[in-house]
Structure formats: C-alpha cells, structure tokens
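Here is a short report for someone new to this structure. Take a look at the chains, then read on.

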Amino acid sequence: MKKHFWITGLIMSAILTITACAAVEQATTLATVVGQTAGVISPTQGEAIRKSTVAVSKSLEDFTPEQEYYIGRAVAAVVLSKYPAYANTQVNQYINTLGQTLAAASDKPEIFGGYHFLVLDSDDINAFATPGGHIFVTRGLIRCCPSEDALAAILAHEIGHVRLRHGMQSIEKARVTEALTVLATESAKTLGSREVAQLTQTFSGAISDIANSMINNGYSRTFEYQADQASVVLVQRVGYNPEGLIDVLKIMEKKLKPGGHDFAKTHPAPQDRIAEIRSHNRTFSSVAAPEIRQERFLNAIARI
Amino acid sequence: MLRIRLIVFALAFLGVLFLPIYANAQGTLSVQVKEGELRATPSFLGKIVDRAAYGDRVNLIEERGAWKKVSLKNGKIQGWMHSSALTTKRLALKAGQTNVQTGATQNELALAGKGFNEQVEASFQKENRNLDYTWINRMETFKVSPDQMRNFLVQGDVTPSSEGGKP
C-alpha cells in the first residue's frame with residue numbers, strides 16, 4: 001500500500017513537473033501507461049486521466065495561426081460593414097510602412113498572413129485589430145496624432161492587441177470547446193457538408209463574439225492598459241519616443257464626444273490611460289522629433 | 001522483484017522528464033505561416049535569402065534569442081526565422097496538397113487546412129452577403145520589404161534600440 005502511494009505520488013509529480021500543454025499530454029500518456037504496467041492504476045483509470053487531460057488542453061492554443069487568420073478576415077469584413085475604407089494610396093502606403101516596420105520588431109512578428117493596415121473613412125476616433133493582423137485606423141484618429149511618434153504609438157497599441165490575442169480571448173469559452181471538439185472528431189478528408197454547416201455556425205458565433213467586444217462593448221480596461229504598455233515598449237525598441245502616446249491621448253481627451261460610438265464608448269478615458277502609463281514607466285524624454293521626420297509625417301497625412 | 005520494478009519505474013520516470021528535451025534535440029520544426037522568410041541575419045531588417053511554404057519542415061541548426069537558424073529540406077539554403085513563424089507541431093496538410101504528411105494521429109489537433117478554412121469562409125460569405133471582402137483582399141497585398149523598412153527608418157532618423165524580438 002505504501003509502495004502504491006509512493007508510485008502514485010511520483011506519477012503525479014511527473015505530470016505536474018512538465019507544464020507545457022503538449023508535453024503534459026505526452027507525459028500523461030506515458031505516465032498512465034507506466035502506471036498501468038506497474039499495476040498502480042487500472043486501464044480504465046488510465047484512460048480517464050488521459051481523456052480529461054485532452055479536454056483541458058483544448059484551449060485557444062489549439063487554434064492554428066491559419067484559423068486565426070480566417071477569423072480575422074471575417075472580423076475585418078464586419079468592421080468594413082460599419083466604416084468604409086479610405087481609398088487614398090499615399091496615406092495607406094505610409095501607415096503600412098510605419099505599421100509593418102513596428103510589427104516586424106514586435107515579439108510576434110510572424111502571423112499567418114502578416115500585418116496589414118488600412119485607413120477608415122470616418123470622423124470617429126476609432127481603431128481595430130483583428131486576430132488575423134488586419135489593423136484599421138479612422139481618419140478621425142489620425143487627425144488626433146500630432147507626430148509620426150504619436151501615430152506609431154497608436155499602431156503599436158493595435159499590434160499589441162494582436163500579440164496578446166485579446167480578440168481571440170473574447171470568444172466565449174463554450175464556443176472554443178465546441179469548435180475544437182468538431183475539429184478533433186473531423187476526419188482528415190475534405191469537410192462534408194454537415195461539418196461545414198456545423199463549423200460555419202461556430203465560426204459565425206466566434207465572429208460576433210469578437211465584433212461585439214471590439215466594436216460595441218470594448219475590451220476590458222486591463223486589456224487596454226496592457227496594449228498601451230505593449231505600445232510603449234515597442235515604439236522605444238524601434239526608436240520612437242513613447243511620449244507620442246501621451247500626446248495623442250491628450251488631444252483625444254479634448255476631441256472625444258461623450259456618448260460617441262467610438263473610443264468614447266470602448267476605451268478607458270484618456271486621462272486614466274495616461275495615469276496608468278505614467279505609473280508603469282519612468283518619465284519619457286521630451287525631445288521633439290527630428291524635423292525631417294515631422295516633415296514627412298505632415299506630407300503623408302496632408303489630406304487627412 | 002520489488003527492486004527491479006522500482007528501477008524500471010524510475011527509468012521510465014526519467015524518460016518522461018527528459019521527453020521534451022529529447023524532442024527538441026531532434027530539431028525539426030514546421031512553418032506555421034503562409035509565407036515563411038529565411039533571413040541572412042537574425043534581425044527583422046535582415047535580408048530575405050529564401051522563402052518557405054506553410055507546413056514545410058525545417059531543420060534547426062542554431063538558436064539565438066527568438067531567432068532560429070534553420071535549413072530547408074535539401075539543406076542547401078540556411079537562414080534565420082523568427083520563432084513565431086515556427087511550431088514544434090507537425091502540420092499535416094490535406095490530401096492533394098504538396099508535402100503530405102501521413103500517419104497523423106488523432107491527437108494532432110492542429111492540422112493545416114482544417115477547421116476554419118477557405119471552405120468555411122466561403123460558406124460564411126454565402127450566409128452574410130452584406131459582408132464585402134474586396135478591401136480585405138486588397139489590404140492583404142500591401143507589403144513592405146526589409147529594404148523599405150530600413151530606408152524608412154534611416155530617412156526618418158529613427159534609430160532602433162535593438163533588432164526586434166525578445167533577446
């Protein structure tokens with residue numbers, strides 16, 4: 001009896017020691033097989049342990065970057081049904097050069113389809129980032145940016161939402177389980193019409209979960225503060241002054257209209273965000289951007 | 001008898017502990033992005049020397065921070081890829097596609113082309129005819145090369161404090 005207790009303890013510690021999800025599954029399989037061989041646990045018990053580990057490891061991590069990409073495309077389509085694209089090649093080229101340079105320097109530079117930026121034709125002060133790396137900024141928000149450093153901070157905040165998977169996290173837990181269950185049982189062949197119908201339903205649900213929190217309700221304050229901090233770190237890494245984020249927030253504070261359906265509704269108040277940023281960082285330098293940078297910024301957004 | 005059992009068990013236990021390390025030592029990874037880029041240097045500004053396709057298997061040669069030096073199947077071309085482009089999972093591609101991996105087990109949940117894919121998107125679009133993908137397809141063509149990024153930084157007098165990714 002004593003021996004059994006000791007061996008069970010060893011098995012449990014083997015499971016607990018290795019924390020990575022895939023490794024846990026692997027380790028559990030091995031540990032339970034070993035346990036069965038040693039006669040400590042019955043085959044049925046072993047099977048039960050293996051099954052529950054598989055269920056637990058069904059999480060967001062199991063969505064491949066490819067699936068996040070398709071989710072992202074659909075969420076982007078929903079955004080574009082609310083706001084039309086701003087078809088100005090010059091400004092779109094500029095924000096893609098700036099945005100993709102920032103994304104390339106981030107901790108998650110590679111996502112399935114890459115990062116792509118588009119200006120939205122609206123006076124609202126708003127921005128969105130899909131799990132697939134489609135990032136949108138309204139003309140109204142660009143008008144709040146006094147410098148390239150400020151615009152860089154806005155784009156870096158959105159890149160932060162992608163890296164931290166804030167969009168994916170707003171999918172309801174039950175739906176994640178549902179989707180991954182279909183995926184687990186699905187055969188390796190092309191999807192049958194029943195599977196497609198089932199997956200499309202889950203897909204639609206996931207899209208409305210994300211669109212709802214992104215466009216209507218906003219993410220949690222915590223998520224926004226995390227994205228602000230991610231922005232501060234990223235712009236500094238690339239060589240911009242993070243004070244740019246404070247600059248744009250101050251202008252936003254004056255321009256946001258109470259009751260508006262944009263950042264006024266979905267983001268914490270600019271002064272709260274400023275206070276939060278200040279509390280996490282040392283004072284940023286107040287050196288003005290080089291003239292040459294300011295000049296190209298003003299040129300690029302001249303008609304915004 | 002008890003002793004032998006214990007020794008066998010202890011060895012199995014050690015095996016479990018070192019399993020992940022052993023798996024890494026094999027050093028084969030899958031490309032998990034649509035178009036993987038191999039660079040001359042471990043930096044986001046590094047010149048692109050070759051590309052790898054989704055699901056391609058690469059061999060790990062060296063690691064430096066978040067960057068991995070890898071070689072493609074034939075081993076001729078080597079280059080640096082960011083770890084976010086790679087996964088230790090094997091991405092079994094659908095039949096009909098190139099580089100088909102056989103013998104995928106049911107536990108390999110992450111399979112390329114499965115789940116939310118083109119087929120599901122087409123079905124979703126059919127149900128949501130108000131959604132227009134034109135601009136999404138167009139924005140996905142906006143691409144900036146490492147050369148353009150370098151020029152952009154130089155011309156704007158922007159000096160990176162490090163070359164991207166966690167050290």
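What share of the contacts in chain B with a separation of 6 or more comes from residues 24 or more positions apart? The share is 47%.

## The two chains

This is a predicted model. Chain A has 304 residues, and 50% of them count as buried. Its secondary structure consists of 15 helices and three strands. Take the contacts in chain A with a separation of 6 or more: residues 24 or more positions apart account for 70% of them.

Chain B has 167 residues, of which 32% are buried. It holds four helices and seven strands. Along the sequence, the pattern runs α-β-β-β-β-β-β-β-α-α-α.

## The sheet of chain A

The strands of chain A form an open sheet of three, in the order β1-β3-β2. The pairing is mixed. β1 and β2 of chain A stand at the edges, and each has a single partner strand, so one side of each lacks a neighbour in the sheet. From one strand to the next, the twist averages 15 degrees.

Start with the parallel pair. Strand β1 (residues 116-120) of chain A pairs with β3(A) over five bridges. Here H116(A) has H134(A) as its bridge partner in β3(A).

Now the antiparallel pair. Strand β2 (residues 127-129) of chain A joins β3(A) over three bridges. A127(A) has V137(A) as its bridge partner in β3(A). A129(A) stands opposite I135(A) in β3(A). β2(A) and β3(A) make a hairpin with four residues between the strands. In this hairpin, G133(A) takes a positive phi near 90 degrees.

Is strand β3 (residues 134-138) of chain A mostly covered or mostly uncovered? It is mostly covered, with five of its five residues buried.

In a regular strand, side chains alternate between the two faces of the sheet. In β3(A), H134(A), F136(A) and T138(A) point one way. I135(A) and V137(A) point the other way. Residues on both sides are buried.

## The largest nonpolar core

The largest nonpolar core has 103 residues. Which of them touch the most other members? They are L102(A), I154(A) and L155(A). Helix α4 (residues 65-82) of chain A gives the most to this core, with ten residues.

Leaving aside neighbours within four places in sequence, I154(A) is in contact with A127(A), V137(A), L141(A), C145(A) and V248(A).

## Where a helix of A meets a helix of B

Two packed helices are described by the angle between their axes and the distance between the axes. Helix α5 (residues 89-104) of chain A packs against helix α4 (residues 146-155) of chain B. The angle is about 105 degrees, and the axes are 10 Å apart. α5(A) and α4(B) are therefore roughly perpendicular to each other.

Which residues meet in this contact? From α5(A) come T97(A), T101(A) and A104(A). From α4(B) come Q148(B), M149(B), F152(B) and L153(B). The residues of the contact of α5(A) with α4(B) divide into four nonpolar, three polar and no charged.

## Two residues with positive phi

Most residues other than glycine have a negative phi. Two residues here depart from that. R165(A) has a phi near 55 degrees, a positive value in a residue other than glycine. Its place is in the loop between α7 (148-163) and α8 (166-169) of chain A. R165(A) is partly exposed, because 16 other C-beta atoms lie within 10 Å.

D157(B) is not a glycine, yet its phi is positive, at about 55 degrees. D157(B) lies in the segment after α4 of chain B. Is D157(B) buried or exposed? D157(B) is exposed, because 12 other C-beta atoms lie within 10 Å, and a residue with 12 or fewer counts as exposed.

How values were computed: Residues are numbered from 1 along each chain as its sequence is written. Chains are lettered from A and ligands numbered from 1 in the order in which they are written. This is a predicted model: local features need pLDDT of at least 70, side-chain atom pairs count only at pLDDT 80 or more; totals for chains, interfaces and linings use all residues. A nonpolar core is a set of buried Ala, Val, Leu, Ile, Met, Phe, Trp, Tyr and Cys residues joined through C-beta atoms within 7 Å. A residue is buried if 20 or more other C-beta atoms lie within 10 Å of its own, exposed if 12 or fewer, and partly exposed in between; C-beta atoms are placed from the backbone. Two residues are in contact if their C-beta atoms, placed from the backbone, lie within 7 Å. Two strands pair if DSSP finds at least two bridges between them. Axes are lines fitted to C-alpha atoms, for helices over the stretch in contact, and angles run from 0 to 180 degrees between N-to-C directions. Angles under 35 degrees count as roughly parallel, over 145 as roughly antiparallel, 65 to 115 as roughly perpendicular and the rest as oblique. Ala, Val, Leu, Ile, Met, Phe, Trp, Tyr, Cys and Pro count as nonpolar, Asp, Glu, Lys and Arg as charged, and the others, Gly among them, as polar.
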